[in-house]
Amino acid sequence: MRKRAIILNTAIIFGFVAVFLRLVDLMVLNHGRLSERANIQQLKQEDIQVRRGFIFDRRGRELGVNLEVESLYCNPDAVASPQTAAYDISRITGRRADAILAKFSSKGKFVWVERKLNLEAAERIKKMGIKGLGFMSDAKRFYPKGRLASHIIGAVGIDNQALEGVELKYDKFLKTPGGKILVTRDATGRTLSKGEDMESKGNNIVLTIDEGLQYIVEKGLDNAMLRWQASAATVIMMNPFTGEILALANRPAYDSNNSMNAKDFEKRNRAITDCYEPGSTFKIIVGAAVIEEKEVNLNTRFDCSKGAISVGNAVIHDEHKHGVLTFKEVIQKSSNVGSAMLGMQLGKERLYKYAKRFGFGEKTGIDLPGEVSGWIRPPEKWSGMSLGTIAIGQEVAVTPLQILRAYSAIANGGILIKPHVVSEIRSPDGTLIYSFTPAGNKAAISRQTADIFKDILKTVTEEGGTGKSASVEGNQVAGKTGTAQIIDPKTRRYSKEKYVSSFVGFVPADNPMIAMIVVVYEPRGQIYGGVVAAPVFKEIAKQSLSYLNVPREDTNEKNVLVVERR
Amino acid sequence: MTHAHRHRGIFSFVLIPLAVALLLFGIFSIVWLRSSVRTVEYSIAQLDNKRMETLKERKMLMAEKASLLSIQNVKDTGDGKVGLVFPDRVKVIYVKKEKGVTPYKASLVGSDSQRDGRRLSEP
């Protein structure tokens, strides 16, 4: 009995010793190696989902957001019956079955089958249970307003890489680095709570543009394109005091949601990337300069009765003979002869100096990609006729935005402001990261000169002025028409058929809320800025003033309902 | 000696089983706690997934709302279905809000001296 007890005790002790030794082996001797193997089995590295920041208009309306989608990939070797699978997937995605089959025949272990599937389609494919397929969470940039403001907002590519517009210019703020996170999973592959947010979002951008004004502008632009069968057109609307771009649109345009299929000429932001000879809208340079230099007063008279003037070896003509004009009338009637006389009175150096003061030949510094500086030669390279031709807006190349900025200087009392489209950048939790602050604004001309010239520009839209059809009922418009010939690339001479018609101005003239330029390229049927562009200005300005609740200056005329508190 | 034996007897009869019970209870408590934590982690993971799904749906709805509220869409609906028109600026009503809780009083301005709406609404 005692012997058996000893054997039993010994066996138990040996058993415990064996267990103890095994524990020492597992927990001490091989601890490092085994815990590493356990980690490999239990821990899984997952990507933090990276999402771009949103883009809003100035009133907080969404212009660029993200949609949650799924991308379908495959391991071609693991797909059991490729032909059936390709056919089934093609029924859901709409892609050709042979294209999907080609993916299944690709080499490698990872091949994208379909990117950015909507969740419903992804769910239907998942339910098919096709072996060898996998899904990856993805984000698709979505622009809820479609084509609206596409030249400002821009677009992204299939991998959400920035391609155009604000998306490109502010990419470093909109995107986020993301990263990876370790998650624990059990033997069946189920993951446990990560305890951390699996999404990292970039900063949100608030633009200066207003969706309402942008819509009014784009509608006006579409009507102009239809009416004049033009090859292209541009409208920019800006706050002349702050430089905030309220609306900017070009035609042709594209839908940011479908930028991959857009053509290059549709993507061009003509407002800042295309130069043209401004024609008469450039006459404010010579006009403002002669006032600033006290070369003339409003009643100084110029004999334009011959309807032509020789400058160097060129002859500059008026459209029709005007007779003797005062300085004011030279601008009001847009006389080329009178303007050439002003240019000659001013001289090369001073004309060039004022062109530079108004920012021509330099980028405006707008925060959009692709801006060009325009072109004006230094006086030493001018030919004998340059003084006359530059005074009437030839031999210079400008962008629509440069012209608008120059007119904004007249509207705001002489200050050359910096145009911009982004007003602030905020982190996802709302913290302010960046806010636009005006810096480096320079005075182009004195306030007195600006006020005098503003009064002259008002007469352009009055009876007898070239821009009468830009006048808005109830509010005075100050502005200038422009009609310029386009150089034919074949003949290298001014075309007799192709013109650029423009109107630039601000309204209400004495307390401007908006400054706006309308440029119509190659209109058919009519060519004059006062006929082609000025009515577009009028239509857009009228609706915009209504939208902005700017009262008519003659509201005391009839039927005003006043509501007041007692 | 008899006294000492009695003490040892009490020790082995009460304390040892108690210690074993405590040990077992401790072990089971630890196991139970760990298993509960694991269960909670599974639940949280499930809720996390649900949250992600809900967030995805929210994003879709937000995008749809933004599309539906686009001015073009509102205008198309207003023009077509409801028959709204863009206001004529002549018929725009200007309302000046004053501080205070008294109700508004509306009146049509008729006389020449009371034409300017903005001036009238000033105190």
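**Aromatic pairs and their surroundings**

With a relative accessible area of 27%, A:Trp112 is partly exposed. Please keep in mind that this is a predicted model.

*Rings in chain A*

- Over all chains, the count of aromatic pairs comes to nine.
- In one of them, A:Phe54 and A:Phe56 have ring centres 6.2 Å apart and planes at 65°; an angle over 60 degrees counts as edge-to-face, so this pair is edge-to-face.
- A:Phe54 has a relative accessible area of 10%, so it is buried.
- A:Phe56 is buried as well, since its relative accessible area is 16%.
- A:Tyr73 and A:Trp112 also form an edge-to-face pair, with 6.3 Å from centre to centre and 85° between the planes.
- Because A:Tyr73 sits in strand S4 (residues 62-74) of chain A and A:Trp112 in strand S5 (residues 111-117) of chain A, their pair ties together parts that are 39 residues apart in sequence.
- A:Tyr73 counts as partly exposed, at 24% relative accessibility.
- Ring pairs join A:Phe110 with A:Tyr73 and A:Trp112 in a cluster.

- Helix H3 (residues 82-93) of chain A packs against helix H5 (residues 119-128) of chain A at an angle of about 160°, and their axes are 10 Å apart.
- Angles over 145 degrees count as roughly antiparallel, so H3(A) is roughly antiparallel to H5(A).
- The handedness of the crossing between H3(A) and H5(A) is right-handed.
- On the H3(A) side the contact is made by A:Asp88, A:Ile89, A:Ile92 and A:Thr93, while H5(A) brings A:Ala121, A:Arg124, A:Ile125 and A:Met128.
- Sorted by class, the residues in this contact of H3(A) with H5(A) are five nonpolar, one polar and two charged.

*A covered helix and the residue after it*

- H12(A) is mostly covered, with ten of its ten residues buried.
- The buried residues of H12(A) include the charged A:Lys283 and A:Glu292, and among the others are A:Ile284, A:Val286, A:Gly287 and A:Ala288.
- A:Lys294, with a positive phi near 55°, follows H12(A).
- The loop that holds A:Lys294 runs between helix H12 (283-292) and strand S12 (301-304) of chain A.
- At 68% relative accessibility, A:Lys294 counts as exposed.

*Backbone features worth a look*

- Most residues other than glycine have a negative phi, and most peptide bonds are trans.
- A:Lys294 is not a glycine, yet its phi is positive, at about 55°.
- A:Glu395, also a residue other than glycine, has a positive phi near 60°.
- You will find A:Glu395 in the loop between helix H16 (386-391) and helix H17 (400-411) of chain A.
- A:Glu395 counts as buried, with 13% relative accessibility.
- A:Arg251 and A:Pro252 are joined by a cis peptide bond, with omega about 5°.
- A:Pro252 belongs to the loop between strand S11 (245-251) and helix H10 (264-267) of chain A.
- Another cis peptide bond links A:Val507 to A:Pro508, with omega about -15°.
- A:Pro508 is located in the loop between strand S21 (493-507) and strand S22 (514-521) of chain A.

*Chain B*

- Three helices and two strands are found in chain B.
- Starting at the N terminus, the order of elements in chain B is α-α-β-β-α.
- Of the 123 residues in chain B, 14% are buried.
- Where does B:Val82 lie? B:Val82 is in helix H2 (residues 71-82) of chain B.
- Is B:Val82 buried or exposed? With a relative accessible area of 56%, B:Val82 is exposed.

Conventions:
Residues are numbered from 1 along each chain as its sequence is written. Chains are lettered from A and ligands numbered from 1 in the order in which they are written. This is a predicted model: local features need pLDDT of at least 70, side-chain atom pairs count only at pLDDT 80 or more; totals for chains, interfaces and linings use all residues. Side-chain values use heavy atoms; hydrogens and water are left out. Axes are lines fitted to C-alpha atoms, for helices over the stretch in contact, and angles run from 0 to 180 degrees between N-to-C directions. Helices (H or I, at least four residues) and strands (E, at least two) are DSSP runs, numbered from the N terminus. Angles under 35 degrees count as roughly parallel, over 145 as roughly antiparallel, 65 to 115 as roughly perpendicular and the rest as oblique. A crossing is left-handed if the near helix is turned anticlockwise from the far one by less than a right angle, and right-handed if clockwise. Contact means heavy atoms within 4.5 Å. Rings of Phe, Tyr and Trp (its six-membered ring) pair if their centres lie within 6.5 Å; planes under 30 degrees apart count as stacked, over 60 as edge-to-face and the rest as tilted. Buried means under 20% relative accessible area, exposed over 50%, partly exposed in between (1.4 Å probe, protein chains only).
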